[in-house]
Amino acid sequence: MIQSHHNKYALDVLEFEQVRNQWLSYTVSQNGKRLVEEAAPFRELQPLQNMLDSVQEMRSLFMAGPAFPLEAFADIQIPLKKMQVEGAFLQPSEFQEINHVLVMTRRIQDFIKDRLEETPHLEKMMLGMTALPHVEEEIGRIISQHGDVRDNASPELKSLRRSIQTREGRIRSRLDEILRSMHQQGFAQEDHLTLREGRLVVPMKDAHASHLKGVIVDQSASGATVFIEPFEILESNNEIRRLKIKEVREVERILTALTQMVSAFGPDLDNNVQILSRIDALAARARYADSVDGRAAETSERSLRLREARHPLLLLTHIHDEVVPISLEMGESVKVLIITGPNAGGKTVALKTVGLLALMHAYGLHVPAKAESQIPLFHHIFADIGDQQSIEQDLSTFSSHIRHIKNIIEQADKTSLVLMDEIGSATDPAEGSALATSILRHLKECGCLTIATTHMGALKVFAHEEPGVENGSMIFDQKSLKPTYRFQMGVPGSSYAFEIARRYGIPESLIRESQRMLGEDRGRLDQLILTLEQEQSRVHALLEEAERKDSQLAGLISLYQDRVQQIRDNADVEKQRLTEEAEKALMDANAMVERLVKEIRETSADRQVIRKVKKEIQTARKRVRSEQKSSGPDVIIRQGDWVLWDGYSGRGEVVSDTDRENRVLVQWGNIRLRVPVMSLKPAQKPSKEKPAGLTQFHVDRTVRDEIDLRGLTADEAIASVEQYLGDAHSTGFSSVRIIHGKGTGVLRREIGKYLKTHRLVKNQRLGNWNEGDAGVTVVDLK
């Protein structure tokens, strides 16, 4: 295995090889496995980004369907080398392996050609791949699917095999006659022929062998049966043997010629196998990413930002939502993070999660975290985790820690990530905390990012007072006295020694005595930490509520903007319609006038005609007035009026004059919206005003934020989605869920294709683990 530039001890303690083994399990070829085993971390940003993008392309292909045509294939290096030996020829099974590589090469090329816009990195990876359809066809013409040389591989072979079959048929017929005769007389041991040493023989009882003249070919283990080849067919069998020798020579001649023909394309075949192996390793990256619900983290210059990151090895043994995620942020302003909290509270797991995800990112793997996560490309990752006490090397726990820390201090720089578990422990607490403070300050000044866990109160104070150093803690449930394994930034944690001791039944008198010995100052510090944790929880709850209301407001703003645009569009259409009607009325009037004038001239102004003309003009005037009346007078809306908005319940009060765009500001409870005057209707002032609040402006929410399509055909589902998206958009949803189930994936793919072309869809993605996974598509609306 190629050694990476990362500290080998860090690779071991962070258990990266277990991640590699999982990645390895998704390969389908020995060459692909070798590439995974030899994979090293990236050192430059662009190659790393290319790999992350390539993995995403492959995952998209897997999700969209049909199946990517990658199958298990053999390493054909031995046959390729064998072809270069003069006089050597390949066996049919070896040609089958080569042909399988050729078929897969052609299929993958065709697959990617149909999806060039979606797979620019895969297309580039396959540039050196060469399809050889004529070689594939020639191998298929000569070698059957069963691994034999076909009869029609040459006219000579076909003739030989036909002669052999004819002679064998005659011999069998004659032997059947002899066997029946011997069996009827009681001389034969069995009633069917037997094959011995490649020859058909008659099984005779040993006592009656003399009744059949021939050559004894074999005898049973018990000696009771002898197998005789009758003299009368001996020559025929010899002739068949001569024909089979010719057949073998002809087969060798054919295989030799085929070997020479294929050997001319040896370099192309070798190159194809190398590219297929890289595709295999890439596909394994994609399948592993799917198994841990991974995402491509953004490669940042200095910022380490993890959003809902999970330990990938825990995901293999636990249900996804059982693994508690961690979110943290470090970078320019925070170089050192000190994590405190109770034992078994998750500090070390959090430390390992950060380190392992940083390693995975450096190796070009997607990490189990949200897409907005950012990870620098660390050139060195150091870890001092666990008890490395060694009796053989005469090292105590503290000595072992110091040895590792010495190496870290000597090698760490601004491209490094340093992870230290229980820094300063296993020695005198005062000396250990002082030494830990100096070490952490040194690491901060050298520019690397450092995360350390501890129980030492002095380090909590150091993190609070030192610029560039931040506290963090694992949250402890004070009611159940159990760890929650949730991490929080900015607040130091308590070790909760007394609380845990009380939970496990230590006498209360001993606990009170211990608290008294600790002193009031330490008690006040622990109480301050508890208060900070409670305040942090309250702030988080408020932030979540603010985000929820922000999302609701965004939906209302989108709804308002869409409604305004719809009104403008309708106004333009109405204006065009009225213009066309006016032009038509004018044309009709001109035509009528011309016709009446003509009649007057032709009748020399007869009184009866004049009366008729006046009557028609009066009728036309009445029609015009009727149309004017039906169109109604212009709506005049003034400040202080109460109005209704088309399509929405509740009355609002106009609180501004009309602006240049013929809009007014209307207040519904606590909401003010600027609305086109054309969409408003006058309303009576309410006799008793409703309490102010959002309920006065009601958006119809009978449309839910999800639709269930399970059980429908693709056509039925698409029709339902078309109606639903229109209703959801009109209702004001900015994001909706389409439930199609997992099943065979057909309904998911058809819905996905349809959504790509829908005018209201901004983007789409499969649901996260807590949204329904691959059984749900989440749609963001425009």
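**Aromatic contacts in a predicted protein model**

Phe62 is buried, and Phe68 is buried as well. The model in which these two residues are seen is a predicted one. The ring centres of Phe62 and Phe68 lie 6.3 Å apart and their planes meet at 75°, so this pair is edge-to-face, given that planes over 60 degrees apart count as such.

- Because Phe68 sits in the loop between α4 (45–64) and α5 (77–83), while Phe111 belongs to helix α6 (residues 92–113), the pair ties together parts that are 43 residues apart in sequence.
- Phe111 is buried, as is Phe68, and Phe62, Phe68 and Phe111 together form one aromatic cluster.
- The count of aromatic pairs comes to 3.

**Charges over rings**

- Arg115 lies over the face of Phe111, at 3.8 Å from the ring centre.
- Arg196 lies over the face of Phe227, and here the distance from the ring centre is 4.2 Å.

**The protein as a whole**

- The protein has 22 helices and 23 strands, and of its 782 residues 43% are buried.
- Among contacts between residues at least 6 apart in sequence, 67% join residues that are at least 24 apart.
- The protein exposes about 42800 Å², and carbon and sulfur atoms supply 50% of that area.

Terms used:
Residues numbered from 1 in each chain as written. Predicted model: local features only at pLDDT ≥ 70, side-chain atom pairs only at ≥ 80, totals over all residues. Heavy atoms only, no water. Helix = DSSP H or I, 4+ residues; strand = E, 2+ residues; numbered from the N terminus. Buried < 20%, exposed > 50% of the residue type's maximum accessible area, 1.4 Å probe, protein only. Contact = heavy atoms within 4.5 Å. Areas by Shrake-Rupley, 256 points an atom, 1.4 Å probe, with all protein chains shown as cover. Phe/Tyr/Trp six-rings, centres within 6.5 Å; stacked < 30°, edge-to-face > 60°. Lys NZ or Arg CZ within 6 Å of the ring centre and 35° of its normal.
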